[in-house]
Amino acid sequence: MWTDKQRGIRVSQEELLCKNACGYYGNPVWQGFCSKCWRERARTAGATRQDARPSNDGTPVTFSKFEEKKSTEKSRRINTMRRLFWGSPSPPKRQESESFTNVLKAYQTLEPGDFTGFLKILRSPSSQRLQSRCTAFLNTVEAYHDLPVQKQSDLVQDFYQSFAEYFSSFTEAQVTQIMEHVEKLIMTRLHKWVFCHDSCDDEQKDLALQRRIRSLNWVTPQMLSVPFPDKKTTVTSDPFLPAITAIIEMDAKRAPQDKLACVSKCSQHVFEALSTSNTEPANADDFLSGLIYVVLKANPPRLHSNMQYVIRFGLPHSLMAGESGYYFTNLSCAVAFIEKLDGPALSLSPEEFEGYMLRQRAPSEGSKRKEVASDTQHLLDELQGRQEKLDQGMDALNVQLQKWVQAVHSQLDEASAQLALVQKELTAQAELSPGFSSSSDDASMQGDDKDQSLLDYINNNLVLQSF
């Protein structure tokens, strides 16, 4: 069905990778680089700008004494920030005591996702050093919450890196699992201080993006070449509705990994919807087109702020590689596509696109009527099928009811015959008894009582057998 034409938004795997060819996923927010290469590039650019700062006469400052003074001043600032967060000029090294070794063994026994178990180990007396480290960092960041958000991001990332050094003897998977717990602990508490910070323009960009998405509510799946279910499937609900729900839930989460989990859940639902919409396996083009459609339909609250929060304070490995990194990179591409969406991207002329944006045009009325008529016909066919099943069920029930009535009548006739025989036998026995003439009235009354009791017994048995 889709092999004869271009499918969705064209994107290749190479376009999602870092421009530095390091093998990790890039991101449009980092100009196509991964988080690691972007930070290294930013540090290099900052150092270059400082080294090339002109003097009063316009000549670059290159003499050695000034460079030495600048290096000393930079080292002093770094040590000052380290003293704020770690209480000493350099981060403490991993303790080699027996108690600390036992604590490390306890961390190794943690099950994946056992955040409660992690907290219990962290609060144990033998793990007091790590707990004090986390508490001091949280208190300091809260006290200095007026710092620019990029500075706060650097401090959090440095804390992740230094805290992971305690577990240098662990496997990479174990360190990743522990650091995910650390991230959840730290960022759940810092969320109210660093999310949508006053030092950045995230709130304004959120409003601009929401207005942009709202202005594109006329975009149809067909314009994005999104494979949609054919009319043989149920049309009572949108197959992308679970994905829309998942991406909206992202704003309610506080830890970056929980927000990424919502993105992953949304993406998986997109793949499921695509698998029901087409007989062929969904490819990257279909997925990105479907994700763009989901974002346009959902218009998630504070989408820009949520993405920036994950980028600034999430663990680097979650964004650079793996399933979550792939899904988040595609979400960033979808947002970038929406922000730059124009007519040619939807196979429309600039005049048609402008007409849609100004509400001077609407999707073809003829195609709308045809789609509505097709949906209505499909619904009528479905209702007719249900009615036929209902009629068949009623016919089967009538047959069963008739059989039951016949069985009850047969049992009643048999019971009446048995009752007549019993009455004859009782009368014969009464006539043969010695005191029949003197006690005929009493026998008659007793016989009537016995007959009534026997009749009640037979009727009760018939009722029980009928059920």
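A word on exposure before we start: buried means under 20% relative accessible area, exposed means over 50%, and partly exposed is in between (1.4 Å probe, protein chains only). This is a predicted model, so to speak of local features takes pLDDT of at least 70 and side-chain atom pairs count only at pLDDT 80 or more, while totals for chains, interfaces and linings use all residues. Residues are numbered from 1 along each chain as its sequence is written, and side-chain values use heavy atoms, with hydrogens and water left out.

**Stop one: helix H17**

Select Arg386, which at 52% relative accessibility counts as exposed. (A salt bridge here is a side-chain nitrogen of Lys or Arg within 4 Å of a carboxyl oxygen of Asp or Glu.) Both residues lie in helix H17, four residues apart, about one turn of the helix. Helices are DSSP runs of H or I with at least four residues, strands are runs of E with at least two, and both are numbered from the N terminus.

Stay on H17, which covers residues 365-432, and pick Leu380. Leu380 is partly exposed, at a relative accessible area of 48%. Show Leu379 and Leu383 as well, and you have a nonpolar surface patch of about 260 Å² made by these three leucines. Patches take residues with over 30% relative accessible area and no salt bridge, joining like charges within 9 Å and nonpolar side chains (Val, Leu, Ile, Met, Phe, Trp, Tyr) within 5 Å. The areas come from the Shrake-Rupley method with a 1.4 Å probe, and for residues only the protein chains shown count as cover.

Go to Glu142 and Arg189, another of them, where the closest N and O atoms are 2.8 Å apart. Glu142 sits in helix H6 (residues 128-143) and Arg189 in helix H8 (residues 172-194), so the pair ties together parts that are 47 residues apart in sequence. Glu142 counts as buried at 18% relative accessibility, and Arg189 is partly exposed at 35%.

Then select Lys205 and Asp201, whose side chains meet in a salt bridge at 3.9 Å, N to O. Lys205 is partly exposed at 40%, and Asp201 also counts as partly exposed, at 37%.

**Stop three: the rings**

Colour the aromatics next: the whole structure has 17 aromatic pairs. Rings of Phe, Tyr and Trp (its six-membered ring) pair if their centres lie within 6.5 Å; planes under 30 degrees apart count as stacked, over 60 as edge-to-face and the rest as tilted. Zoom in on Trp218 and Tyr356, a stacked pair at 4.6 Å centre to centre with 15 degrees between the planes. The pair links distant parts of the chain, 138 residues apart: Trp218 is in the loop between helix H9 (202-215) and helix H10 (241-248), and Tyr356 is in helix H16 (residues 350-357). Trp218 is buried at 8%, and Tyr356 is buried at 6%.

Finish with the aromatic cluster, whose members include Tyr107, Phe115, Phe137 and Phe170.
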